[in-house]
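Please look at the sequence and the structure first.

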Amino acid sequence: IVKTHLKVLSTVGESYWGGSDITNSVANFIFELHKKTTFRNSSEEVVGHIAVLCEEAKQKLIGNVESNSNLASPYNACKITWGMIELANENRFKNIVNLLKKCVKEAKIKSSPKDKPIVLLCGGSSSIKFINDLVPDLVSEYAFIDTCSQGRHLVAQGAAYIAAYLTDEKSKMRVEKFIIDEPIPTFAVRCLNNQASQIVTPRHICLLSDVTRTSGQNFKVSTKEPCGVRVKVYEEERTCEKNSVYVGTVQMLLPKCPDKANFKINVSLRIRRRNCHVYVHESATSTNENVDILRKDGFSNDFSAPEVQDLIALNPTNLVPLPADASEDSVDQVQLVGESSSSTVGISAALPQEESSVRTEESGMFGIDLGTSYVRMEHYFSGGLSTVNITEDDDEEDNAVVRVRGQEVLIGDNITCPIFSEKNTIAFGPLCLIGRKYDASVATASKNWPFPVVNSNDKPLIQCLVNGVAVNVQPELVLYKIFKKLKRAASKTTKLEPRFVIAIPGSYTYAHKRVILKAAEDAKMVVEYLVNNTTAAAIMRIIQHPQLLETSEKLIAIDLGAGSLTISAMNFVKGHLEVLSTVGESYLGGSDITDSIASVFFGLIPHRPLRSSSGEVMRLMASLCEEAKKKLGEHQSASVNLGRPYNEYSITWDLIAGSNIDLFHIISCLLKRCMKQANINNSEDTKITVLLHGGSSNIRNITEIVRKKIPHSTLVNSYCQSRRLVAGGAAHIAAYLLDRQSKLKRENCIIDELIPTLAVRCLNNVFSKIISPRHIRLLSDVKTIARPKFVLTTKEPCKLRVEVFEQ
């Protein structure tokens, strides 16, 4: 410390032992010393009790600086002394001596009358006599010992002052112009022959600075071919042994190196207050990757590539060699990664498609239909499909607020939904809230739900009851629990790491997809792709009817589920499926049709007991209306009566149409828009197939809309109740992405999906498109698809916020 400049010169220590270990050693020592007399029948619990008494006696010894201290009753015949503490902790105190020597040496502290270091003792056990005796011998005979061992507020108060120093320009330390420099630890990368080459040596950074680049190290590889590089970073421990601890991995796919160049890889560290990024840059191909090792380790088993040799340091700075036999599971090994002995994943971003390695048929590929009323999973293997039983295992903890039991998701004590039962056709509220802000539409949609939805900072939260107390739950937590259940079920089906393609409503935006992928990541699911449910349904139809591979057709898929609507127009020409247009509504589905019918019943009969109905009765009526609507669609009857106690009332097609005029108008407009965007001519010469899918798409009103808008179409409505269709298509797409021998790959199928329209808000709230809808092939990784340019009205230093919107 020089005036107001605090500089940390050295930090050493042990993360996993402290004063309690000293006490436990004393307790074991006393037990061994007196076990034939006092502790003849002692159990582990008694030894634990002895440790508690030893801790109290140790504190008395420290407080009174006495030569000995007796244990409390019933073992007051036993006592501890300073000599006993040192004898019982001989190895531990020896380690403290070595650590203190190391710290003094690294800090270059000299013992002289001019330099009088202050030794601050903090922590309940730091005032042990042995520690005090070390200071004159190892630090300086002129050192002043400041004992703050019992000041338990010291560290928290210091942290509070630093918080003010970082955020408040008028804080005491900022007014006094303090400077605080802390050291960065040593980081290293493993190279050839298991040598660890430093990329960052200890150096200081000021707490208020953002260091863009601290230091770097250059490496090379002995190949010019496309390859995968996995750079694993280690941190040197601050213990005496200086062990290297794995902290993160940066994975990079390199294309073929230019002829007159060699791969040159630079690894560096960039530090900001809340981030610590490891950057890897390859100069010959200008390839960059980075991982924030404070947030994640970056390691992924999905990553594989053609095998290359280890990294070779150009300017080696060797540390202690790392263990050569470290297992992949322990994540101790740092080396270039080659093709796995069992299976690999395609890396089309780095390699031509025909050269990319692929997974075998046993790699565990799964498709998930993430509906709002029903979730289903199919397993692809050996060219076929198998439905995964999701309801078998119940590993969830009983006291969790959100649990999965059998076919049901349970939230608190009062919310249940059979989300894994294919008989359920009523939208599950929490899944309808995914990626959504709280607005008037949420308030309207949730008014008949069996639980309140509350507004918390414009985010909708589910309010449940736990032991009679209201508890708010995020919808994302429910989705995470569902994904966790699916991951467990898939892991029991295959011995290898399962990989998933999840089918979602085509009307979902990137905001929805971000939430879904975050929940899947938290559940430790490897998600290869999020596919539109209509695309998955079309693929499954092709699989079920192989003769379609030799024909051409225009296909319009309408998926009207419980909580969403998707309409897609596609062109299929001999194995090439091209999505021409996708429209839809994320928050409108069959449950809304049912609720409208229930509301009509409630208003039509004012003199009946329904007038005094509560919310529960209203929900019962909606449930009965849903059952009657299903029967009406399945049997195409003229009318169907409600169940008890309202069996005197019946549902008719006219009632459905009359209570949902606006909704059916929206569906009609969306269908018209979809065909216009796809440039599909509604003529006799154009052969159009309409695929109906989803529990509510077989309503006669939907068929009438299709016949009116596309009079010359061929209507395929046999898939309305086939709840396996979308999950099966997603599983086949997973195989298409990962398995060269998959059915779709053998038939040389090509699948092109649409990128949505993205735009930037400009001057006067005008939106400027940065991406218009265009196709991208499922197996391709498109680096740049559009580059619009913008100008600013200033040349001065300024802050720029580019806000991206999706149409």
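Is Cys 674 buried or exposed? Cys 674 is buried, with a relative accessible area of 0%. Here buried means under 20% relative accessible area, exposed over 50%, and partly exposed in between (1.4 Å probe, protein chains only).

## Basis of the model

This is a predicted model, in which local features need pLDDT of at least 70, side-chain atom pairs count only at pLDDT 80 or more, and totals for chains, interfaces and linings use all residues. Residues are numbered from 1 along each chain as its sequence is written, and side-chain values use heavy atoms, with hydrogens and water left out.

## Cysteines

A disulfide is a covalent bond between the sulfur atoms of two cysteines. The search of the whole structure, which took a disulfide as a pair of cysteine sulfur atoms within 2.5 Å, finds zero. Cys 762 is partly exposed, at a relative accessible area of 28%.

## Helix 16

Helices (H or I, at least four residues) and strands (E, at least two) are DSSP runs, numbered from the N terminus. Helix 16 (residues 661-677) has 17 residues and reaches 24 Å from its first C-alpha to its last, close to the 24 Å expected at 1.5 Å a residue. The expected span is 1.5 Å times one less than the number of residues.

The buried residues of helix 16 are Leu 663, Phe 664, Ile 667, Ser 668, Leu 670, Leu 671, Cys 674 and Met 675. They fall within an arc of 160° seen down the axis, so they line one face of helix 16. The arc is that of the directions from the helix axis to the C-beta atoms. Ile 661, Asp 662, His 665, Lys 672 and Lys 676 are exposed on the other side. After helix 16 comes Asn 679, with a positive phi near 55°.

## Helix 11

Helix 11 (residues 510-522) has 13 residues, which should span 18 Å at 1.5 Å a residue; the end C-alpha atoms are 18 Å apart, in agreement. His 512, Lys 513, Val 515, Ile 516, Ala 519 and Ala 520 are its buried residues. These cover an arc of only 160° around the axis, which puts them on the same side of helix 11. The face turned away from that buried side carries the exposed residues Arg 514 and Glu 521.

Lys 518 and Asp 522 of helix 11 lie four residues apart, about one turn of the helix. Their side chains meet in a salt bridge (2.8 Å, N to O). Lys 518 is partly exposed at 44% relative accessible area, and Asp 522 is partly exposed at 37%.

## Other salt bridges

With a salt bridge taken as a side-chain nitrogen of Lys or Arg within 4 Å of a carboxyl oxygen of Asp or Glu, the whole structure has nine. In one of them, Glu 553 pairs with Arg 541, the closest N and O atoms being 2.7 Å apart. Glu 553 lies in strand 28 (residues 552-560) and Arg 541 in helix 12 (residues 533-544), so the pair ties together parts that are 12 residues apart in sequence. Both Glu 553 and Arg 541 are buried.

Glu 378 and Arg 376 form another salt bridge, with 2.9 Å between the closest N and O atoms. Both residues are buried. A network of salt bridges links Arg 376, Glu 378 and Arg 724.
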